[in-house]
Amino acid sequence: MRLVENALRQRISSDEVFVEVLADESGSGGNGTGARPSSHPHPHPHSHSHSYSHSYSYSYSYRQILHAAAGLASRLGRVAEGGGAPAKVAVVMGNSPDFVVADLALLGSGRTEVPVPLAFSADQAASLLCDADVCLVDGPGERRLAEWGRETVLPARCPVLRVDVDDLLVDPYDAVPPLFGPDTAGDPTAEDGAADDRATTGDRIGDRIGDRIGDRIGKIIHTSGTTSKPKGVCIRTAGLDALLSSLRAVMPPGAYARYLSLVPFSLLIEQVTALYMVILDGGTVMLLPEDAPLVGTSASAAQRVLPYVARARASALVVTPALAEVLAAEIERDGVAPVFGTPRVPLVCCGGAPVDPGVLARLDAGGVPVHEGYGLSENSSVVSWNAPGARKVGTVGRALPHVRTKLAADGELLITGESLFAGYSRQDPSSCELDPDGWLHTGDLAEIDADGYISIVGRKKNIIITAAGRNIAPEWVEARYRSLPGIRACAVFGEGLESLHGLFLIPPGADAGRARRDIEEFGLRELSAVERVAVVHTLEGTEDAYLAYFTVTGRPRRREITEAAAAGRLPQPAPAPDPDLYPDLDPDPDLGSHPALAGTPARTPVRAPARTPARTLTLTPTGA
């Protein structure tokens, strides 16, 4: 990742703030867990015109983070590496300064990073940790590892190292050699030493993509499969370079001057945006206090992070669909300045699951114009982008400069380019296929217009075929239902069933009967008979329920939901709504505004033209 490494070389002696941790809601910065004190004697950035002393508990400069990373890399060098290849290093951490140090230490020392989400179960964690050579933890990671059972999830030979920035800063600066050596740009052999560290199973996609470039696997990122054990996506360093170069070309200058991190660092897109784009802009990444929930890890997180959004005065952030809906409501009520802490509209990224088009329209009307994008881990994250000045609402934009796209005969989106991955850590029926010509079959159904703008219809493998032979793309239906107030998450299912079922998470203590009536009325008013949920399951949206049935980014865990329904573990469903009980509602709404739905024959995917992709990045430009 020469772009990032060269940017860090320029800031190795900089006292500008790189990592800033916001205080808790009381303003004390304490969290009751023995974490760092609320007042750190580190200098504040001189490049920003505002004082944020009330909104952070401690911070670290570029010089300090890079010194700590160099110290960690030195300590890792004293740990035996397996098989002579660069060690696979598991990172079991929260969104902490320690994670930033670990990430840069592994980047600079040529080791392969394997981030493990703290929300994983022990079985899921074990599937990523099974061949780790070293495991790095911070405070939350150490506690989570104990909960999983160290002996259960880690190989017997795998040492566990606790990372603490302050401990690493004790070493004198002249006692630790700089982590990043001389600029190697233009040297095609600079990274060849790790070229053999590729995918361990499958068809060795790296043989067809990475060998000619002389790069290495820098990360193994989790992605969901058809079993409870996630497979690892092997990310190439040269692939990340190609991605970052394209993003820099289409991004507004300085967009990442102050980035607020709200979703887990274990997600590749958050590493790209919160770390690497921030570094390339010479900016600051702001982190939540340890006890604050990250968006997507708790059903209540979207509401609970609002005070930090205002306090941070960020120039950019990533939100989930649930937070996008909360932001839309807050902006409608209070306006932009109270929500973001400043009249300046940040770059708002929204992805992981479809966002209701109505929510995007509300944000746009509130002065937050939305730029949508699309990505997947197998392409090192972003594929396409609605760049400022080249925006087409209802699409996910044009492909980034380094990516080429086309459609297969059945409408599946195919992509190719220098940011493709090197393969999987293990094969799975849900794995994306790379054909002999180098085109990745994404599994997403799409349309590409004459100007090159891409619209995502849904996932091929998610299409629901009912007993009546109707095909339904669930992503759009779920996005429509999520726009209902009080619906924290939802998923529709009905493969082979007579009727479409829906699982709806509602706030704990909410009136389930009232929620069910609202869902039924909404379906009769807004959706066709084909896509309307006929059997409603409501479930209190506790943290356990959310994590059991939805991913961190808000996507339904479809296998777990259908298995729970078949086993009778979901709440007793309500009967199908009787249109006669709602005389003021049209039981079969006019589809004139939805031409793709009108007269839909059997075995044709049901969809509407206004839609948001199953895997999406939704963006808004920085502006006054």
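Colleague: Quick one to start: is F421 buried or exposed?
Modeller: F421 counts as buried, because its relative accessibility is 0%. Buried is under 20% relative accessible area, exposed is over 50% and partly exposed is in between, using a 1.4 Å probe on protein chains only.

Colleague: Before we go on, what kind of model is this?
Modeller: This is a predicted model, where local features need pLDDT of at least 70 and side-chain atom pairs need 80 or more, while totals for chains, interfaces and linings use all residues. Residues are numbered from 1 along each chain as its sequence is written, and side-chain values use heavy atoms, leaving out hydrogens and water.

Colleague: Thanks! And where in the chain is F421 found?
Modeller: Look at the loop between β17 (412-417) and β18 (433-434), and you will find F421 there. Helices (H or I, at least four residues) and strands (E, at least two) are DSSP runs, numbered from the N terminus.

Colleague: How far is F421 from L240 in space?
Modeller: C-alpha to C-alpha, F421 and L240 are 9.3 Å apart, although 181 residues separate them in sequence.

Colleague: Let's zoom out. How many helices and strands are there?
Modeller: The chain has 19 helices and 27 strands. Of its 624 residues, 59% count as buried.

Colleague: And what share of the contacts join residues at least 24 apart?
Modeller: That share is 74%, taken among contacts between residues at least 6 apart in sequence. A contact here means heavy atoms within 4.5 Å.

Colleague: New topic, aromatic rings! How many aromatic pairs are there?
Modeller: The count comes to 8 aromatic pairs. Rings of Phe, Tyr and Trp (its six-membered ring) pair if their centres lie within 6.5 Å, and planes under 30 degrees apart are stacked, over 60 edge-to-face and the rest tilted.

Colleague: Why is the pair of Y58 and Y60 edge-to-face?
Modeller: Their planes are at 80°, so the pair is edge-to-face, and the ring centres are 6.0 Å apart. Both Y58 and Y60 are buried.

Colleague: What about Y481 and F504, how do their rings meet?
Modeller: That pair is edge-to-face too, because the planes of Y481 and F504 are at 75°, with centres 5.3 Å apart. Y481 belongs to helix α16 (residues 474-482) and F504 to strand β24 (residues 501-506), so the pair ties together parts that are 23 residues apart in sequence.

Colleague: Are those two buried or exposed?
Modeller: Y481 is buried, at 0% relative accessibility. F504 is buried as well, with a relative accessible area of 0%.

Colleague: Which residues form a cluster with Y481 through ring pairs?
Modeller: F504 and F522 do, as ring pairs link them with Y481 into a cluster.

Colleague: Which ring does the charged end of R11 sit over?
Modeller: The ring of Y62, with the charged end of R11 lying 5.9 Å from the ring's centre. The rule is that NZ of Lys or CZ of Arg must be within 6 Å of the ring centre and within 35 degrees of the ring normal.

Colleague: Last topic: where does L505 lie?
Modeller: L505 is part of strand β24, and it is buried, with a relative accessible area of 0%.

Colleague: What is L505 in contact with?
Modeller: Setting aside neighbours within four places in sequence, L505 touches G486, I487, R488, A489, L539, G541, A545, Y546 and F550. From L505 to G486 is 8.5 Å, C-alpha to C-alpha, with the two 19 residues apart in sequence.
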